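Dear colleague,

I am handing over the structure that we discussed, and I would be glad if you could look through it before reading my notes.

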Amino acid sequence: MASSASSRDETIVQAGLQYWETQPASLDGVLGGFGSGSLPRVDALGSRQFLLDLIPQLRVIPSAIRLSRSADPEPSKRFRALDVGAGIGRVTADVLLHLVSDVVLLEPVQSFIEEAHRRCQGTSASKENSVAGWTSIKDGTKSVSFFKGPLQHFDPGRPKQHTEELQRLGYTPSDDDTNSGFDVVWCQWCLGHLNDEDLITFLKRSSAALRNQTGVIVVKENLCSEKRAPRTVFDEQDSSWTRSPKMLLSPCFPTHNVIDLI
C-alpha cells in the first residue's frame, strides 16, 4: 500500500511501537524470524568489514596492505558510536564493540532494551547470549550507555534530551562525555519508522553530532522498487515506510553525509 510519509501521525508512531512490543526480545523477534539462520553472522561480519574500510584507524591489527604514512604510532583515542533503534543490542554487541571504545544505545521498546542490558552483563537466560557478556565491558575497557526513547525527537548531540537514561556499563570517564559527539552513527532497519520530515531532521542532527570530518553515518535499510518513479510503501503490519532508492536519495534528503545505503 502506497502512503505519504511527509507528516507525522502520532497514531502511526504508537502503532509501530505497539507492534514491536508484541515481538519476542530475541534475534528472531528483531529480525522478523531470520535470527536462527546465517543472517545475523553474515550481516555482522559484513558490517564490521565495511566500517573498517571507512575508518581504517579502527583496526586493532595494522593492515599489511595499507601502510602507515608515519613511523610514529597514532595517539590513543576512544572512538564513540551511536546505535539507534538498537533492539536487543545485536549491532552493538556483534559489530560496534569489536571496533570502537564507547557505544550509546538507543531503543524505545522496554522489553528489548531490558534484554540488551542483560546480554551486555551476561545475565540473559537466552541461549543466544554469551555467558561472559559483551566485549570488554566486564573488564571496564569499553562501555555501553543505555537510553530509552524513540527517534522522532532524538538529538544525537544531546542524548539525554527527550530520552530516559538508564545506565552506563563498563568504562566510566573522569569527565562526562555524553555530549561529546560520535565517530559513527549506525542506523539499521529502523529509519522506516520516521516520516520524511523526521528523517531529514534526524540526519541533519546526526551530521551535526559527528566529531570530525572523518565521522560517518551508516544507513542500512530495506528498499522497495521504483516502478517508473520514486515511491514510498507503507507496511500496515509494523507501521513503517519503505522507500525506493531514488526517493531516499532525492534532493530533499541530506544524504550527502550518509555513507552507506544497502
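Predicted model: local features only at pLDDT ≥ 70, side-chain atom pairs only at ≥ 80, totals over all residues.

Residues are numbered from 1 along each chain as its sequence is written, and side-chain values use heavy atoms, with hydrogens and water left out.

Overall picture

The protein has seven helices and nine strands, where helices (H or I, at least four residues) and strands (E, at least two) are DSSP runs numbered from the N terminus. Of its 262 residues, 48% count as buried; here buried means under 20% relative accessible area, exposed means over 50%, and partly exposed is what lies in between, with a 1.4 Å probe and protein chains only. The accessible surface comes to about 13,500 Å², and 52% of this belongs to carbon and sulfur atoms; the areas come from the Shrake-Rupley method with a 1.4 Å probe, and for residues only the protein chains shown count as cover. If one takes the contacts (heavy atoms within 4.5 Å) between residues at least 6 apart in sequence, 67% of them join residues at least 24 apart.

Nonpolar cores

The largest nonpolar core has 29 residues, and those with the most contacts inside it are Leu51, Leu96, Trp134, Val144 and Phe146. By a nonpolar core I mean a set of buried Ala, Val, Leu, Ile, Met, Phe, Trp, Tyr and Cys residues joined through side-chain atoms within 4.5 Å. Elements that each supply at least two residues of this core include the helices α3 (39-54) and α5 (110-121) and the strands β2 (102-107), β3 (143-148) and β5 (184-188). Leaving aside neighbours within four places in sequence, Leu96 is in contact with Leu51, Ala81, Asp83, Val91, Val103 and Trp186. A second, separate core of 20 residues includes Leu191, Leu203, Val219 and Leu248.

Salt bridges

With a salt bridge taken as a side-chain nitrogen of Lys or Arg within 4 Å of a carboxyl oxygen of Asp or Glu, the count comes to 15 salt bridges. In one of them, Arg78 pairs with Asp102, the closest N and O atoms being 2.9 Å apart. Because Arg78 lies in the loop between α3 and β1 (80-84) while Asp102 belongs to strand β2, this pair ties together parts that are 24 residues apart in sequence. Arg78 is partly exposed, at 27% relative accessibility, whereas Asp102 is buried, with a relative accessible area of 3%.

Asp177 forms a salt bridge with Arg80, with 3.3 Å between the closest N and O atoms. That pair links distant parts of the chain, since Asp177 is in the loop between β4 (164-170) and β5 and Arg80 is in strand β1, 97 residues apart. Asp177 is buried, at 12% relative accessible area, and Arg80 likewise counts as buried, at 3% relative accessibility. Asp177 also meets the side chain of Arg168 in a salt bridge (2.7 Å, N to O), and Arg168 counts as partly exposed, at 24% relative accessibility. Through shared partners, salt bridges join Arg78, Arg80, Asp102, Arg168 and Asp177 into one network.

Ser101, which is placed in the loop between α4 and β2, is buried, with a relative accessible area of 14%. Not counting residues up to four places away in sequence, Ser101 touches Lys77, Arg78, Phe79, Lys142 and Ser143.

Cysteines and surface

A search of the whole structure finds zero disulfides, a disulfide being a pair of cysteine sulfur atoms within 2.5 Å. Cys187 is in no disulfide, and the nearest cysteine sulfur, that of Cys190, is 5.7 Å away; Cys187 itself is buried, with a relative accessible area of 0%.

On the surface, Phe34, Leu39 and Trp189 form a nonpolar patch with about 290 Å² of accessible area together. Such patches are made of residues with over 30% relative accessible area and no salt bridge, where like charges are joined within 9 Å and nonpolar side chains (Val, Leu, Ile, Met, Phe, Trp, Tyr) within 5 Å. Trp189 sits in the loop between β5 and α6 (196-209) and counts as partly exposed, at 33% relative accessibility.

With kind regards
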